[in-house]
Amino acid sequence: MYYWAIVHHDEGSAYGVSFPDVPDCFAAADEEQDVMAAAIDALDDYFADGFSPPQPLGLDATRSRYADDLAGGAYLIQVPLIVRDGQSVRFNVSMERGLLGAIDEAAGRLKMTRSAFLAQAARREITDKAA
């Protein structure tokens with residue numbers, strides 16, 4: 001699931017991030033390249049506190065509702081929410097034998113299990129692609 005966030009920045013201040021769908025969730029970052037990571041962490045922390053994720057607004061509705069902010073220099077980013085529920089799930093995955101061997105080798109070098117390595121790689125791919 002993804003949420004739209006509005007990023008505001010005034011000269012000499014931090015980048016402020018707010019979520020139209022999650023009014024009590026905020027983030028801030030001193031540098032623009034840190035905005036996405038701060039936004040992901042804010043959503044993660046907010047929903048880890050037990051709040052239920054609401055259905056996100058679409059892009060058009062968000063743009064319409066915040067047109068004045070956007071016209072004033074704010075911009076939108078799409079922030080992924082990966083719900084932490086603490087439950088592991090077993091599932092089957094098919095892939096090339098050579099790729100699986102490379103995964104096992106890399107996981108071994110990092111002293112990780114195959115599952116932990118794949119979960120970390122998936123999380124990184126999801127959050128980095130959102131930036």
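1. In which helix is the place of D104? D104 belongs to helix α4, where helices are DSSP runs of H or I with at least four residues, strands are E runs of at least two, and both are numbered from the N terminus. The model is a predicted one, in which local features need pLDDT of at least 70 and side-chain atom pairs count only at pLDDT 80 or more, while totals for chains, interfaces and linings use all residues. Residues are numbered from 1 along each chain as its sequence is written, and side-chain values use heavy atoms, with hydrogens and water left out.

2. D104 is partly exposed, its relative accessible area being 32%; with a 1.4 Å probe and protein chains only, buried stands for under 20%, exposed for over 50%, and partly exposed for what lies in between. From D104 to G16 there are 88 residues in sequence and 40 Å in space, C-alpha to C-alpha.

3. The end C-alpha atoms of helix α4 (residues 97–109) are 19 Å apart, which agrees with the 18 Å that its 13 residues should span at 1.5 Å a residue, the expected span being 1.5 Å times one less than the number of residues. Buried in α4 are I103, A106 and A107. These residues cover an arc of only 100 degrees around the axis, and therefore lie on the same side of α4; the arc is taken from the directions from the helix axis to the C-beta atoms. On the face turned away from that buried side, α4 carries the exposed residues R97, G98, E105 and R109.

4. K111 follows α4 and is found in the loop between α4 and α5. Its phi is near 55 degrees, a positive value in a residue other than glycine, and K111 is exposed, with a relative accessible area of 77%.

5. D44, in helix α1 (residues 35–48), is buried at a relative accessible area of 19%. Apart from neighbours within four places in sequence, D44 is in contact (heavy atoms within 4.5 Å) with I82 and R84.

6. The largest pocket holds about 510 Å³ of space, and of the 13 residues that line this pocket, V89, R90, F91, S115 and L118 are the closest to its centre. A pocket here is an open set of points on a 1 Å grid over the protein atoms alone, where a 1.4 Å probe fits, with protein on both sides within 12 Å along at least five of seven lines, and lining residues have an atom within 4 Å of a point. Helix α5 (residues 114–130) gives the most to this lining, with five residues.

Note on methods: Grid points are joined across faces, edges and corners, and a volume is the space filled by probe spheres set on the points.
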